[in-house]
Amino acid sequence: MTASPRPLRGRRLSRAVALALAPMLVPQTVKLRATVPKLPEPPQPWEGGGGTDPLHLLVLGDSMAVGVGVDDAADGLAGHVAEELTERLGRPVRWRARGRNGATARDVIRDHLDDALADPTDVVVISLGANDAMQVRSHRAFRRDIRHIVHDIAARHPEAVVLMSALPAFHHYGLLPEPLRSTLALHAQALEVAARRALERFPRAHMTPPLPPYPDDFFATDDFHPGPAGYPVWARFIVDDAVRHGIAARIPA
């Protein structure tokens, strides 16, 4: 399927705008990093659950994949997706989270992917793109990296279902000043289009739509990462969407 001219222009424009505004965006980014509290990753091990004949869930990616914003990884995205899968499918889930705070898609390929895929895997949830957007990576590089990640998952675990989350809606991030907020939102949308194109060739992969407007208590104390009330909302949205689109039915029995 050939992309329409309009999305292509949007992808090119997003990076061009970011580069043109770099003299303003770089100082804003530096100031933001200096003033926003840097929340730690929750303590390891980032794994849990289990039971008789469990599904094996891998949550892979960036700070949100490993649960930054909560004190225990079980209260992060992986733990809550596991709970939602158990509720919908009636099976116990053994979950693990792999990645790191600040990771781009390229970082995950280089530093985490081989290790992450070494264990049994039935469901993979991917949280990536926020850092790629903030580093103004090109849509081509991001699409290539997402394709690489999903290709490796499919090669190592051909029956696994892959659920990739939409990129953050940066236009809802009140802590971001303008023009940084609008520029990040535009570029994140371009990267999301690229990721969706990358997933098209993999029948067991699916990308969620963007989350609805975030509830008031969604964010952690840094106003950037989900917090204890945000991760359950996000996890429920991911699994609801997988059920609605029939992809949850493809999870290995």
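I take two strands to pair if DSSP finds at least two bridges between them, and I take helices (H or I, at least four residues) and strands (E, at least two) as DSSP runs, numbered from the N terminus. The model is predicted, so I kept in mind that local features need pLDDT of at least 70 and side-chain atom pairs count only at pLDDT 80 or more, while totals for chains, interfaces and linings use all residues. Residues are numbered from 1 along each chain as its sequence is written, and side-chain values use heavy atoms, with hydrogens and water left out.

**Entry 1: strand E4.** I looked up the pairing of E4 and found that strand E2 (residues 55-61) pairs with E4 in the parallel sense over five bridges, with Val-125 of E4 as the bridge partner of Val-59. E4 and E5 also run parallel, joined by four bridges, and here Val-125 stands opposite Leu-163 in E5.

**Entry 2: helix H10.** I checked the length of H10 (residues 230-244), whose 15 residues reach 21 Å from first C-alpha to last, close to the 21 Å expected at 1.5 Å a residue; the expected span is 1.5 Å times one less than the number of residues. Its buried residues include Tyr-231, Trp-234, Phe-237, Ile-238 and Asp-241. An α-helix has 3.6 residues a turn, so residues three or four places apart point the same way. I noted that the buried residues of H10 pack against helix H3 (63-66), helix H4 (77-89), strand E4 (123-127), strand E5 (161-164) and strand E6 (205-207). After H10 comes Gly-246, whose phi is positive, near 80 degrees.

**Entry 3: the loop between E6 and H10.** Which contacts does the side chain of Asp-222 make? Asp-222 is in this loop, and a polar atom of its side chain lies 3.0 Å from the backbone nitrogen of Phe-224. The Asp-222 side chain also makes a polar contact with the side chain of His-225 at 2.7 Å; a polar contact is a pair of N or O atoms within 3.5 Å, where within protein one must be able to donate a hydrogen and the other to accept it, and residues adjacent in sequence count only if both atoms are side-chain atoms. Asp-222 is buried yet has no salt bridge, and the nearest side chain of opposite charge, Lys-38, is 8.8 Å away. For that entry a salt bridge is a side-chain nitrogen of Lys or Arg within 4 Å of a carboxyl oxygen of Asp or Glu, and Lys and Arg count as positive and Asp and Glu as negative, with His and the chain ends not counted. Asp-223, in the loop between E6 and H10, has a positive phi near 60 degrees although the residue is not glycine, and counts as partly exposed because its relative accessibility is 45%.

**Entry 4: Arg-91.** I found Arg-91 in the loop between H4 and strand E3 (93-99), and Arg-91 counts as buried because its relative accessibility is 16%. Leaving aside neighbours within four places in sequence, Arg-91 is in contact (heavy atoms within 4.5 Å) with Asp-53, Pro-54, Leu-55, Thr-86, Pro-252 and Ala-253.

Terms used
Buried means under 20% relative accessible area, exposed over 50%, partly exposed in between (1.4 Å probe, protein chains only).
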